[in-house]
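Reader: Hi! Could you walk me through this one? I'd like to start with the strands and then look at the charged pairs.
Author: Happy to, let's have a look.

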Amino acid sequence: QVQLVESGGGLVQAGGSLRLSCVASGRTFSSYAMGWFRQPPGKEREFVAGITWTHSKYYADSVKDRFTIFRDNAKNTVYLQMNSLNPEDTAIYYCARGIGARPTAQYEYDYWGPGAQVTVSS
């Protein structure tokens, strides 16, 4: 069983930054892609960013050039550095473990964290 736990969420003013962390249990973390999704209030959950086991990174157009995903396999941790935040980034952010080579759809992820709230005030 794999457990994922996010941290680093909170309240930030528009234009500010936050860094989310997600620690995974288990010994095979480095063999899997990892991803970040978010669910804004009243909306569907959407893909934000992913990183393959070879550290290749890919992003949703809405966060490209503002967010950076990276991983530290020695710590079983994936991060999401979020800069230039705006109120539209307000959401619950989830990390998840991917089961494909470059997953973006929710069905391509098999384990999920409970989520971390990010609120951006205007």
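**Strands, core and salt bridges**

Author: In this predicted model, four strands make up an open antiparallel sheet, in the order β1-β3-β8-β7.

Reader: Which strands are at the edges of that sheet?
Author: The edges are β1 (4-7) and β7, each of which pairs on one side only. From one strand to the next, the twist averages 15°.

Reader: And how many bridges hold β1 and β3 together?
Author: Four bridges, with the two strands antiparallel. Within that pairing, S7 sits opposite S21 of β3.

Reader: Okay, moving to β9. Which way does β9 run relative to β4?
Author: Antiparallel, with six bridges joining β9 to β4 (residues 34-39). R38 is opposite Y93 of β9 there.

Reader: What about β9 and β11?
Author: Those two are antiparallel as well, joined by three bridges, and β11 covers residues 116-121. A91 faces V118 in β11.

Reader: How many bridges are there between β9 and β10?
Author: Three, again in the antiparallel sense. G98 has Y109 of β10 as its bridge partner.

Reader: Is β9 mostly covered or mostly open?
Author: Mostly covered, since buried means under 20% relative accessible area and seven of the eight residues in β9 are buried.

Reader: Nice. Which residues touch the most other members of the largest nonpolar core?
Author: That core has 31 residues, and the ones touching the most other members are W36, V48, F67, V78, L80, M82 and Y93. Two or more core residues come from each of β3 (18-24), β4, β5 (46-51), β7, β8, β9 and β11. As background, nonpolar side chains in soluble globular proteins tend to be buried together.

Reader: What is Y93 in contact with, leaving aside its neighbours within four places in sequence?
Author: With those neighbours set aside, Y93 is in contact with E6, L20, W36, F37, R38, V48, F67, L80, M82, G115, A116 and V118.

Reader: Now the charges. How many salt bridges does the structure hold?
Author: Five. One of them joins the side chains of K64 and D61, at 3.1 Å from N to O.

Reader: Is D61 buried or exposed?
Author: D61 is exposed, because its relative accessibility is 68% and the cut-off for exposed is over 50%. K64 is partly exposed, with a relative accessible area of 39%.

Reader: And what does R66 pair with?
Author: R66 forms a salt bridge with D89, and the closest N and O atoms are 2.8 Å apart. D89 is in the loop between β8 (77-82) and β9 (91-98), while R66 is in the loop between β6 (57-59) and β7 (67-72), so this pair ties together parts 23 residues apart in sequence. Both D89 and R66 are buried.

Reader: Got it. Which residue forms a salt bridge with R97?
Author: D110, with the closest N and O atoms 2.7 Å apart. D110 belongs to β10 (residues 109-112) and R97 to β9, so the pair links parts that are 13 residues apart in sequence. R97 counts as buried at 10% relative accessibility, whereas D110 is partly exposed, with a relative accessible area of 33%.

Note on methods. Residues are numbered from 1 along each chain as its sequence is written. This is a predicted model: local features need pLDDT of at least 70, side-chain atom pairs count only at pLDDT 80 or more; totals for chains, interfaces and linings use all residues. Side-chain values use heavy atoms; hydrogens and water are left out. A salt bridge is a side-chain nitrogen of Lys or Arg within 4 Å of a carboxyl oxygen of Asp or Glu. Buried means under 20% relative accessible area, exposed over 50%, partly exposed in between (1.4 Å probe, protein chains only). Two strands pair if DSSP finds at least two bridges between them. A nonpolar core is a set of buried Ala, Val, Leu, Ile, Met, Phe, Trp, Tyr and Cys residues joined through side-chain atoms within 4.5 Å. Contact means heavy atoms within 4.5 Å. Axes are lines fitted to C-alpha atoms, for helices over the stretch in contact, and angles run from 0 to 180 degrees between N-to-C directions.
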